[in-house]
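Please walk through the structure shown here, one element at a time. The text begins with a helix, then moves to strands, a core and charged pairs.

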Amino acid sequence: MDRHDKDIPVAEVVVVVGDCSEEDARAVLDLLEHSFPAESGAGGASRGGGAATVWSAVLDAAGPADPAGRQAAPVRLNGAVSVTLQGAPRAVERVQAALAAHFTVEEVGAVSGDQEREVELRIRS
């Protein structure tokens, strides 16, 4: 069976991480990239240089988070991290649920359209 959910026409979720250290941004993006492994040809994280203030990734969230993506040790953040998720509503929900499985998640804003949803989150260890 194909791992992609046929009900999600666009399963890509753009993840933007900011207001944090590079170490915390990498920890969040690495966790999500392990939870939603990219197939060959899919986009991955785009990370700025040493002076970056935001980091981003494009995830394929057509299916639920990969349980194998769960890490043995909990991911610890040094402080609160801002995360913006943008994509198809069900795909965004899946990425938000994956974050909630590892962090305390506070939704600070959301905008919904016909085919897309954008959610702003603050996450903490």
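**A helix and its surroundings**

Helix 1 has 14 residues, which at 1.5 Å a residue should span 20 Å, and its end C-alpha atoms are 20 Å apart, so the two agree. The expected span here is 1.5 Å times one less than the number of residues. Helices (H or I, at least four residues) and strands (E, at least two) are DSSP runs, numbered from the N terminus.

This is a predicted model: local features need pLDDT of at least 70, side-chain atom pairs count only at pLDDT 80 or more, and totals for chains, interfaces and linings use all residues. Residues are numbered from 1 along each chain as its sequence is written, and side-chain values use heavy atoms, with hydrogens and water left out.

Which residues of helix 1 are buried? They are Asp24, Ala25, Val28, Leu29, Leu31, Leu32 and Ser35. Buried means under 20% relative accessible area, exposed means over 50%, and partly exposed lies in between (1.4 Å probe, protein chains only). These residues cover an arc of only 155° around the axis, so they sit on the same side of helix 1. The arc is taken from the directions that run from the helix axis to the C-beta atoms. An α-helix has 3.6 residues a turn, so residues three or four places apart point the same way.

Now turn to the strands. Strand 4 pairs with strand 1 (residues 12–18) in the antiparallel sense, over 6 bridges. Two strands count as paired if DSSP finds at least two bridges between them. Here Val13 stands opposite Gly87 of strand 4. Strand 4 also pairs with strand 6 (residues 117–124), again antiparallel, over 7 bridges. In that pairing, Val81 has Ile123 of strand 6 as its bridge partner.

Next comes the core. The largest nonpolar core holds 29 residues, and Val15, Val28 and Val83 touch the most other members. At least two of its residues come from each of strand 1, helix 1 (22–35), strand 3 (54–60), strand 4, helix 2 (89–100) and strand 6. A nonpolar core is a set of buried Ala, Val, Leu, Ile, Met, Phe, Trp, Tyr and Cys residues joined through side-chain atoms within 4.5 Å. What does Val28 touch, leaving out residues up to four places away in sequence? Its contacts are Val17, Leu77, Val81, Val83, Leu99, Phe103 and Ile123. Contact means heavy atoms within 4.5 Å.

The whole structure has 3 salt bridges. A salt bridge is a side-chain nitrogen of Lys or Arg within 4 Å of a carboxyl oxygen of Asp or Glu. Glu22 pairs with Arg26, with the closest N and O atoms 2.6 Å apart. Both lie in helix 1, 4 residues apart, which means about one helical turn separates them. Glu22 is partly exposed at 30% relative accessibility.

Arg124 forms a salt bridge with Glu106, the closest N and O atoms being 3.7 Å apart. This pair links distant parts of the chain: Arg124 in strand 6 and Glu106 in strand 5 (residues 104–112), 18 residues apart.

Arg117 forms a salt bridge with Glu107, at 3.5 Å between the closest N and O atoms. Arg117 lies in strand 6 and Glu107 in strand 5, so the pair ties together parts that are 10 residues apart in sequence. Is Arg117 buried or exposed? At 18% relative accessibility, Arg117 counts as buried, whereas Glu107 is partly exposed at 39%.
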